[in-house]
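Grab a pencil and work through these exercises with the model open beside you. Try each task before you read its solution.

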Amino acid sequence: MTRSAEVSRKTRETDISVSVHVDGKGKADISTGVGFFDHMLDQLSRHSLIDMTIKAKGDLHIDDHHTVEDTGIAIGQALSKALGERRGIMRYASIDLAMDETLTRAAIDVSGRPFLVWNVAFSSPKIGTFDTELVREFFQALAQNAGITLHVTNHYGANNHHIAETCFKAVARALRAALEPDPRQPDAVPSTKGSLKG
């Protein structure tokens, strides 16, 4: 089965199209109009090995909030659609990811039950022109719409760019591991309930 999907989402605030290929090579074609966000999404694609094409146009004359949040919604919906019944996946994964002075943990359960636990603090409200609070908003939208339980904890770090980047890289690596095929039960839904659809 090809684990791929496309989602288009258009509102008065944003116009977004997303395609994902879960069993890809981490190829990214991303344009949201928000430079730092594009950089983070490129990390998400590259380190998860999920091919992503993301095109977003939003009301950036107001701020970046709607574009970032709605992109998270669309990526989450595309991932959920691509995974279908979630058969044969490892389901759980966690990683501690280091980048220079920063260490961040991401733990994932591809459960069908959306939940975000966010233990990340930034020392500045901005990274360049990007609002640091939008990092959480993105992952909240992603988790809610992908149907995943996601815990992200920054253990320590001094550089806000590094803190944000380790969040995206750690989630990407945990996603990669959790979505890998389980060779011991390739056709089974990894749940005693027999369903991972919430």
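This is a predicted model: local features need pLDDT of at least 70, side-chain atom pairs count only at pLDDT 80 or more; totals for chains, interfaces and linings use all residues.

Residues are numbered from 1 along each chain as its sequence is written, and side-chain values use heavy atoms, with hydrogens and water left out.

**Exercise 1.** Find the partner of arginine 3 in a salt bridge, and work out which parts of the chain the pair ties together.

*Solution.* 
- Step 1: Start with the rule: a salt bridge is a side-chain nitrogen of Lys or Arg within 4 Å of a carboxyl oxygen of Asp or Glu. The structure holds ten of them.
- Step 2: The partner of arginine 3 is aspartate 23, with the closest N and O atoms 2.6 Å apart.
- Step 3: Arginine 3 sits in the segment before β1 (4-10) and aspartate 23 in the loop between β2 (14-21) and β3 (28-31), so the pair ties together parts 20 residues apart in sequence. Strands (E, at least two residues) and helices (H or I, at least four) are DSSP runs, numbered from the N terminus.

**Exercise 2.** Arginine 9 pairs with aspartate 70: is each residue buried or partly exposed?

*Solution.* 
- Step 1: Check the contact: the closest N and O atoms are 3.1 Å apart.
- Step 2: Place the residues: arginine 9 is in strand β1 and aspartate 70 in helix α2 (residues 65-83), 61 residues apart.
- Step 3: Recall the cut-offs: buried means under 20% relative accessible area, exposed over 50%, and partly exposed in between (1.4 Å probe, protein chains only).
- Step 4: Arginine 9 has 23%, so it counts as partly exposed, while aspartate 70 has 5% and counts as buried.

**Exercise 3.** Describe the lining of the largest cavity.

*Solution.* 
- Step 1: On a 1 Å grid over the protein atoms alone, a cavity is a set of points where a 1.4 Å probe fits but cannot get out; lining residues have an atom within 4 Å of a point.
- Step 2: The lining is Leu79, Ser80, Leu83, Val110, Ala146, Ile148, Leu175 and Leu179.
- Step 3: Sort them by element: α2 and α4 (160-179) each give two or more residues, and α2 has the largest share, with three.
- Step 4: Sort them by type: seven are nonpolar, one is polar and none is charged. Here Ala, Val, Leu, Ile, Met, Phe, Trp, Tyr, Cys and Pro count as nonpolar, Asp, Glu, Lys and Arg as charged, and the others, Gly among them, as polar.

Terms used:
On a 1 Å grid over the protein atoms alone, a cavity is a set of points where a 1.4 Å probe fits but cannot get out, and a pocket is an open set with protein on both sides within 12 Å along at least five of seven lines; lining residues have an atom within 4 Å of a point.
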